[in-house]
Each structure stands twice: as C-alpha cells, then as structure tokens.
Amino acid sequence: GLVENSYIGNVMFDASATAYSFTISEATYTATASVSSGSGTVKFSNGSTSITGKSGASVTYTVTPSTGYKVSSIKVNGTAVTVTNSGATASYTLTMPAKATTVVVTFTKIQYAVSVGTVSNGTVTLSKTGNVDYNTTITVTATPATGYKLNQILVNGTAITGTTFVVKADSVVTATFTKLTYSVSVGTVSNGKVIGVSAGTVTITATSSNGKAASKTIVVNDI
C-alpha cells in the first residue's frame, strides 16, 4: 500500500484510503466546416458549422449550393471526398478521427450551353456562345437580309423582349424575319391614265390622250 500521499499524473492518492473511485471521460474532438469559394452552405447535423464528437463517431454534414451553383469539391482534412448528386444538395458522413477535423467545400457556377439555331432570311450572332455561366447576360444581334425585317427573337422557342436575355438553362437562340411590304398606288395623272397592279410587282400601263400606250413592270424592291 501507499505509505504516504502520492501523485500519479495530476491525481493525488491519499495513503490512508483503501479504495478509489474514478470517472474517466473519453476524449472528444471538434470538426469545423467552411466554404472556400463560390456560394452555398455546409452544416453539420446540429445545424452548425462545428460539432464535437468522439473518435470513431459518425458525423453527418449537408452541403447546399446556392441557386446557379454546384458543389465542385469537398475535402476532409485535405483529402478529397467524392461529390454526389451531380453537385446538388446532398448529405455526407465522415468518421471522426482522433484529432480536430476540417471540412472545406468549394462551389462553382453551373454552366449552360448557349448556341444559335437555324435562321432563315437573316443572321443571328451572340455576345457569348458555348458553355456560359449561370446568370450571364447575353446580347443578341439579329440582322435581316435585304428586303426583310426582324419579326422576333426567340430563346428556346419563346419570344423575348428586347435584344438581351439572362442564361438560366441551355439556350438555343433563333430569330424570324418577314418580308418588307410597301404601299403602291396611282397618283394624279394628266392627259392619260395609269392602270395595273399585281402582287409582288407593279405593272404600269400608261395611255396618253392620243391613245398611245406604254407598259413597264417594276419589282417592288426597286422602288
């Protein structure tokens, strides 16, 4: 037995005691979560960005990207974790090691394919094409062919107002053009008459007062 008061570690043992009672607490460790870039959140099952657990405990955290973003990488203590659900909101589980743990998440903007579809009687060009970040503003330039005018610009088949649109999904841009039309009429004529108008062309027959007639056909686009 002990002959005098003794210390083991930071605990003093009384030499006169015959029995001792101990409560030994198992060590706990803290895990913290953070976002390195992009827009979104990462939280543990307690709704916080930090949680405490014992070594070997299962710890769940949920990664939620903001609208227009996706999860591009997750690292636990510097080691990459496989991203699931195509980068959308998902929950992950880690096993708490016997040390402080960090969960670091990176978000990136979702990109969508933007292109020009089939266009007749004119051309369409875009300020950006290919893979374009979500929420990017695209400017459309629609140029009619000679004798035509712009009717409307369409994105995925739906007409837009103005000449810009914001990318929210894969987008195919087209435009429709219509033929220019002109008003043709006969004005005041002296000493004769002018007759004859047909679709697409104007046939002018001029008859003088002495009965002599002359005709000429004019294509509307020439006027």
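Modeller: Begin with the surface: Leu 180, Tyr 182 and Val 184 make a nonpolar patch of about 240 Å². This is a predicted model, in which local features need pLDDT of at least 70 and side-chain atom pairs count only at pLDDT 80 or more, while totals for chains, interfaces and linings use all residues. Residues are numbered from 1 along each chain as its sequence is written, and side-chain values use heavy atoms, with hydrogens and water left out.

Biologist: What are patches made of?

Modeller: Patches take residues with over 30% relative accessible area and no salt bridge; like charges are joined within 9 Å, and nonpolar side chains (Val, Leu, Ile, Met, Phe, Trp, Tyr) within 5 Å. A salt bridge is a side-chain nitrogen of Lys or Arg within 4 Å of a carboxyl oxygen of Asp or Glu. Accessible areas come from the Shrake-Rupley method with a 1.4 Å probe, and for residues only the protein chains shown count as cover.

Biologist: Why does Val 184 count as partly exposed?

Modeller: Buried means under 20% relative accessible area, exposed means over 50%, and partly exposed lies in between (1.4 Å probe, protein chains only). Val 184 counts as partly exposed because its relative accessibility is 33%. Val 184 sits in the loop between E18 and strand E19 (192-195). Over the protein chain, 22% of the 223 residues count as buried.

Biologist: How many helices and strands does the protein chain have?

Modeller: Helices (H or I, at least four residues) and strands (E, at least two) are DSSP runs, numbered from the N terminus. The protein chain has 21 strands and zero helices.

Biologist: How do strands of a sheet pair?

Modeller: Through backbone hydrogen bonds, either parallel or antiparallel. Here two strands pair if DSSP finds at least two bridges between them. Five bridges join E4 to strand E6 (residues 58-65), and Val 42 stands opposite Val 63 in E6.

Biologist: Which strands pair with E11?

Modeller: Strand E11 (residues 111-116) pairs with strand E13 (residues 130-133) in the antiparallel sense, over four bridges. E11 also runs parallel to strand E18 (residues 171-179), joined by three bridges. Tyr 112 stands opposite Val 132 in E13, and the bridge partner of Ser 115 in E18 is Val 172.

Biologist: What is Ser 115 in contact with beyond its sequence neighbours?

Modeller: Contact means heavy atoms within 4.5 Å. Not counting residues up to four places away in sequence, Ser 115 touches Leu 126, Ser 171, Val 172 and Val 173. Ser 115 is partly exposed, with a relative accessible area of 32%. With neighbours within four places likewise left aside, the contacts of Tyr 112 include Asn 131, Val 132 and Ala 169. Tyr 112 and Asn 131 are 19 residues apart along the chain, and their C-alpha atoms are separated by 5.2 Å.
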